[in-house]
Amino acid sequence: MLPGMSESYVTILGAGLAGSEAALQLAARGVRVRLVEMRPAVRTAVHDTGLCAELVCSNSLKSTKPDSAAGMLKAELGGLDSFVYAAAGRNAVAAGGALAVDRAAFARDVTALVEGHPAIELVREEAVDLGQAARGVDALIVATGPLTSDALAESLAALTGEAHLAFYDAAAPIVMADSLDSSKLFRQSRYEDAADGAGDYLNAPFDRAEYDAFIEALVTAERVIRRDFETRELFQACQPIEEIARKGHDAPRFGTLKPVGLTDPRTGRRPWAALQLRAEDAHGESYNLVGFQTNLTFPEQRRVFRMIPGLENAEFARFGVMHRNTFVDAPRLLDADLRLRTPGADALGVPVFLAGQIAGTEGYCEAIRSGLHAALSVAALLAGAPAPALPRQTAFGALLAYATDPATADYQPMHVNFGIMEPLDAPVRNKRDRYRAYAERGAQALAAYRAALAEAGLALDGGADDAR
C-alpha cells in the first residue's frame, strides 16, 4: 500500500465490468471505495439482476489465442492481476479457442468479491448528479456503461457539452488493409486526376451487374432484430445502408455509392457505382467503409460486403453496429489516463475519470481493462506521482492511443485489433507470422510496463487469482 492510500476515498458509478474491476483494484491498494449501482432498484431494458458484472449479450470474452489481438489483451489482464478476468477463468465453460463463462456464476463470483472486501461499500441507488457524486471524495470514476440513465447522462452532458456525448452507435465496418485486392481498387479523391494516385480514398468500383447483385443481396440479408427501446430514435441520426437500398434500387448510387467525380483508371470511365474506403489509422493498416452504417448480422456483413469488388477476401477489424450506446467523444475529451478534460469537469473540484463503454471502448475485456487502467491512474494521482505511460505496443495501449488521439475523426467505439497497432519496425509479409510478432512485441512492452508499475509502487503481488 502506498502512503496515505487508506485515507483516500473514491466514488465509482456503475458496478459493471469496468466499475467492478476499478473498485477491486483500488481497494487492493488500500483505497476506500464507494461503488454505486442503481440495479436492482432501477432496472434497465436488458439487465435481469442486480449482480455486479452481469453480462447482457454474449457470454463469450473472445479468443484466447496468444497471437490474436483479443488474446494479447487477455495476457495483459492476467499480467496486471485483473480480478474480474481471474473470475472469468474460474467460471469458464467449454468454448473451443475462446473464453466463455457461466454468466450467472461469473456475476455471483464478482459480486462476492466486491461485497466481501472491507474497503468497498456497495451502494444500491441511482446516481443522478455528478456534482453530488463528487462531493467529499478524492476522485470520481464514471463507469455507467451504454445504458447510462437519462438523468446521469444529462449531468454528464453538462460536463462534456451535448455535442460530445452520443446515445447511439452507428458505426461502419472497418477492414484490414492487407486483405484488400489492390488490383481492383484505385486511389483517388473526387474530381481529382486519377493518374497521380495521390487521393485520400481507396475506391471500389462496381459495374452494373456487380451493383445489381450486391443490392439484391443487401436488401434480402438477415438483420439484427432491434429492441423496442433502441428503435425509437436509432435510425434518425444515420440510415443503415440496407435501409437506403430499400427506398429504391438506385438510391445508394445517388448517395453513399455515388460514382460522381471518380474515374476508374482501368477503363478510363466513371464506374457505375463506387464505394469509398478511408484510412482508419495514421499508418494505413485498416480502412473504414465510408457511409456503410448497417444493421446486418455479423455473418451477413461478411458475406454481403465481400461482394464488393476488391473486398472478396476482406478481414474485418470491426463489423458495423447500430445500437443504444452512451459514450463520449474520447479523442476530444479524454487523456491517456482516461481522465475527463473539460472546464465542466474541472469545476467539480475533483478529478473525473471514465471507464468502460461510456469511455468509448467496445468489448467485455476492453471494459475490464479500462477499469483497471482508470484505477491505476487514480492510484497514481492519489500517491502524488504520474502513472507510468502505457506502451502503444500493448493491445490496450494501441486502443487507448487511437481513442484519445485528437486526430481521430468521427470517433466510434472500438475494440482491440491489429488494424490500429503501430507497424512493426521490420515488415513481415506472412500474416500469421506478423500477428505473432505483434504479440511478442506486446509481451515485451507489457513486461517493461509492469516493471515500471512495480518501481512506482503501483503493482500488485499477483493476488488476483487467489482473491477467493
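Five strands form an open sheet in the order E6-E2-E1-E7-E16, with parallel pairing. The model is predicted, so local features are reported only at pLDDT of at least 70 and side-chain atom pairs only at pLDDT 80 or more, whereas totals for chains, interfaces and linings use all residues. Residues are numbered from 1 along each chain as its sequence is written, and side-chain values use heavy atoms, with hydrogens and water left out.

Strands (E, at least two residues) and helices (H or I, at least four) are DSSP runs, numbered from the N terminus. Two strands count as paired if DSSP finds at least two bridges between them. Strand E2 (residues 32-37) runs parallel to E6, and 5 bridges join them. Val-36 stands opposite Val-123 in E6.

Glu-126 lies in the loop between strand E6 (120-124) and helix H5 (130-133). Glu-126 is partly exposed, at 30% relative accessibility. Here buried means under 20% relative accessible area, exposed means over 50%, and partly exposed lies in between (1.4 Å probe, protein chains only). Contact means heavy atoms within 4.5 Å. Apart from neighbours within four places in sequence, Glu-126 is in contact with Met-38, Val-42, Ser-149 and Ala-151. Between the C-alpha atoms of Glu-126 and Leu-311 the separation is 47 Å, and these residues are 185 residues apart along the chain.

A second open sheet has 6 strands and antiparallel pairing, in the order E10-E11-E12-E13-E9-E14. Strand E10 (186-187) and strand E14 (316-318) stand at the edges with a single partner strand each, so one side of each has no neighbour in the sheet. E10 pairs with strand E11 (residues 201-206) in the antiparallel sense over 2 bridges. Arg-187 stands opposite Leu-202 in E11.

Next comes a helix pair. Two packed helices are described by the angle between their axes and the distance between the axes. The axes of helix H7 (residues 208-220) and helix H11 (residues 298-305) come within 10 Å and cross at roughly 170°. H7 and H11 are therefore roughly antiparallel to each other. Phe-214, Ala-217 and Leu-218 of H7 and Arg-303, Val-304 and Phe-305 of H11 make the contact. These residues divide into 5 nonpolar, no polar and 1 charged. Axes are lines fitted to C-alpha atoms, for helices over the stretch in contact, and angles between N-to-C directions run from 0 to 180 degrees. Angles under 35 degrees count as roughly parallel, over 145 as roughly antiparallel, 65 to 115 as roughly perpendicular and the rest as oblique. Ala, Val, Leu, Ile, Met, Phe, Trp, Tyr, Cys and Pro count as nonpolar, Asp, Glu, Lys and Arg as charged, and the others, Gly among them, as polar.

The whole structure holds 10 aromatic pairs. Rings of Phe, Tyr and Trp (its six-membered ring) pair if their centres lie within 6.5 Å; planes under 30 degrees apart count as stacked, over 60 as edge-to-face and the rest as tilted. The ring centres of Phe-206 and Phe-214 are 5.4 Å apart with planes at 45°, so this pair is tilted. Phe-206 is buried at 2% relative accessible area, and Phe-214 is buried at 0%. Phe-214 also forms a stacked pair with Phe-292, at 6.2 Å centre to centre and 20° between the planes. This pair links distant parts of the chain, 78 residues apart: Phe-214 in helix H7, and Phe-292 in the loop between strand E13 (286-289) and H11. Phe-206, Tyr-211, Phe-214, Phe-292 and Phe-305 form one aromatic cluster.
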